[in-house]
There are 2 protein chains.
Amino acid sequence: MTVTIREVAEAAGVSVSTVSRAFTAPDQVKPLTLKRVLEAAAALGYAANPAARSLRGGGTGTLGLIIPDIANPFFPPIIKAMQSRARRLGYTVLMADCDEQEADEIETIASVSKRVDGLVLWASTLSETRLRELAGRIPIVVVNRDVPEVSEVRISLAAGISQAAEHLRAYGHRKCVFINASRPELARGKSIHDSFEAADLALTEIGPYEPRFETGVHAAPLILAHNATAVLAHNDLVALGVLHQLANLGASVPGDVSVIGIDDTLLASVSTPSLTTIRISPDELAVRSVELLTEAIAGRESGVPARVVEVGSRLVPRASTGPAPNR
Amino acid sequence: MTVTIREVAEAAGVSVSTVSRAFTAPDQVKPLTLKRVLEAAAALGYAANPAARSLRGGGTGTLGLIIPDIANPFFPPIIKAMQSRARRLGYTVLMADCDEQEADEIETIASVSKRVDGLVLWASTLSETRLRELAGRIPIVVVNRDVPEVSEVRISLAAGISQAAEHLRAYGHRKCVFINASRPELARGKSIHDSFEAADLALTEIGPYEPRFETGVHAAPLILAHNATAVLAHNDLVALGVLHQLANLGASVPGDVSVIGIDDTLLASVSTPSLTTIRISPDELAVRSVELLTEAIAGRESGVPARVVEVGSRLVPRASTGPAPNR
DNA sequence: AAAGTTCCTGGGAACGTTTTCATAGCCTGA
DNA sequence: TCAGGCTATGAAAACGTTCCCAGGAACTTT
């Protein structure tokens, strides 16, 4: 049924070794022979069997991607970008969602790790010990987890946050609320409070809550109660909750309150008003993590040291921010 | 480095055959022996090598899922549901996005088809001939493509559409605009016009356009120009474009115009006002397609005939629809 | 007690590649 | 002209399983 290397060899009048070389090391076979082999292969519709190849030890040609929740609109563009990037390097991406559950993540990793050459773990729920142990068995790259001797892609919101503060200050705002639902990247480096203070903006933090739409809904009246004229939300989804409830409360955006999200998901660009937000480039995230992972795979034997790369952010001003109201 | 069946056999004092049977046909090995093998395997941390298994002919244990665009918020919940369903059946899901490009789809299928036991093709761009030819080589299930002798999951919007019509009629609407961007499921069976006519509602169709946010933006003034008090949009995204632009034009929703979307994506539940929409259950879609595919895989040899199953829809009333304005 | 069954286990081939090693032909340089 | 090196090719082992086949042990049945 399925056409193997042997049949190609027969058709081309060469040995299987030569056919194999024609695909994996074309420069080692005489041009004329190469042509014959390639033509025979094309005529028969031959495609190498990945199982046999990886059994022999050539790797699986697949990169694994473990994501906490695909339904979070932050991830699809990243997955997409990783796929196209990986494809260009000859890899397939095996993506798995693990519902933010540690048990699911462990099970998923176990079932996937034999099928891939390496793993990108997004916001893993695993303990540092477990991650290091895993890294000993298979090349991994973690995103937003700081574990020694493991390559990491680190998101930095610093630029976006300080741009947001300046943006609000330029609009004359003085009081801002931050709706916190625990982003690991905010716990690092210069604090969000420092950035806002640097722009001479008073920042009140509320939470931590769950990162859901309802959190924004619940937070909206608190913003008004604090007499704040601006909000920075944990992410776009929470910001949309704020927008929703402010409308219900009769407060206009940006007339009475300016709202800023984080992530620049699809949600931000299609809301009414469209949402000013802090963008983290999915393409850059994807390119970096694939780069780090292929690097780790290539250096598996030779022991290339782990690397950390930082991916920045920037403010994308849209319609949900504007001049502070005069009081 | 990696632990194989042979080492387990040695540790348990049995042959490799027995170890293999302990995992693939436990009832064929004596309980005591089984216990010894399982313990040895656990102690060594043994996990079967999928490459070897599939090379031998046991299938890959993977289902392929080809999607036109993951960034479309309709898909993530489906992918998620398919994964959890497949996992319960012992399968892994290999998802690939192909950007709605036929060339990408062909390439993707080629690179993926050897790694999976079967394929679910969502809204494939492939010709019917190609699909049938593909079906001859590997079990496939198509979604929303009608090709003879190939199993299909078919989305039916009939129920949702007629509920939408009745819903609007009950609110006193008489004129409605439909923003068309070509959904194959609307071209089948009772037409959308018939459903609206049955509810005594005049329906004006505009388009076809591209299914984008901007399409809704562009369509909004046309709705007012038509003197319609209700809109049915191609999907939630387009509906959000309408919402956006109606707000800019000073028309209130649902005060002046009622808006209905299709798909019930995340967008619908987080917009302001929240969007009345026609829901197609992602879980049912996922369960059905996995079911059909595993069926096709199991019946590969025995030649089980292709099946078609229909997945229904229903209206989810939210805040974007209300009483028609008095004129 | 012999013959037939059933149950459990082990040996070994096969799956489709890649890669090491060997070999044969050819070229280079003195 | 011949030693030595390079190039192109083939033979065969190995990767980790599964599964067919065979055989021994333990039961039944007569």
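## A serine in a loop of chain A

A:Ser124 touches A:Glu105, A:Leu131, A:Val142 and A:Arg145, leaving out residues up to four places away in sequence; two residues are in contact when their C-beta atoms, placed from the backbone, lie within 7 Å. This is a predicted model, in which local features need pLDDT of at least 70 and side-chain atom pairs count only at pLDDT 80 or more, while totals for chains, interfaces and linings use all residues. Residues are numbered from 1 along each chain as its sequence is written, chains are lettered from A, and ligands are numbered from 1, in the order in which they are written.

The loop that holds A:Ser124 runs between β3 (118-122) and α7 (128-137) of chain A. Helices (H or I, at least four residues) and strands (E, at least two) are DSSP runs, numbered from the N terminus. A:Ser124 counts as buried because it has 24 C-beta neighbours inside 10 Å. The cut-offs, with C-beta atoms placed from the backbone, are 20 or more other C-beta atoms within 10 Å for buried, 12 or fewer for exposed, and anything in between for partly exposed. Between the C-alpha atoms of A:Ser124 and A:Ala71 there are 16 Å, and along the chain 53 residues.

## A serine in a helix of chain B

For another serine, turn to helix α6 (residues 102-113) of chain B, where B:Ser113 has its place. B:Ser113 counts as partly exposed because 17 C-beta neighbours fall inside 10 Å. Apart from neighbours within four places in sequence, B:Ser113 is in contact with B:Leu119 and B:Ile138.

## Helix α5 of chain B

B:Ile78 belongs to the buried residues of α5(B), which also include B:Phe75, B:Lys80 and B:Arg85. In total, 11 of the 14 residues of this helix are buried, so that α5(B) is mostly covered. The cover includes α5 (75-88) and β2 (92-97) of chain A, along with β1 (62-67), β2 and α13 (282-298) of chain B.

From its first C-alpha to its last, α5(B) reaches 20 Å, close to the 20 Å expected at 1.5 Å a residue; the expected span is 1.5 Å times one less than the number of residues. Just after the helix, B:Gly90 takes a positive phi of about 85 degrees.

## How the two chains meet

Chain B superposes on chain A by a rotation of 180 degrees with 0.0 Å of shift along its axis (RMSD 0.0 Å), using least squares on the C-alpha atoms of residues with pLDDT of at least 70 in both. The two copies are therefore related as by a two-fold rotation axis. B:Ala51 has the C-alpha nearest the axis in chain B, 2.3 Å from it. The copies meet through the same surface, because 100% of the interface residues of chain B are also interface residues in chain A.

## Around DNA strand D

Among the 27 residues around DNA strand D, those that come nearest are A:Ser15, A:Thr33, B:Ile5, B:Ser20 and B:Ala52; near means a C-beta atom, placed from the backbone, within 6 Å. By class, this surface has 10 nonpolar, 13 polar and four charged residues.

Both chains supply α2 (16-24) and α4 (50-56), each with at least two residues of the surface. The most comes from α2(B), with five residues.

Definitions and conventions. Ala, Val, Leu, Ile, Met, Phe, Trp, Tyr, Cys and Pro count as nonpolar, Asp, Glu, Lys and Arg as charged, and the others, Gly among them, as polar.
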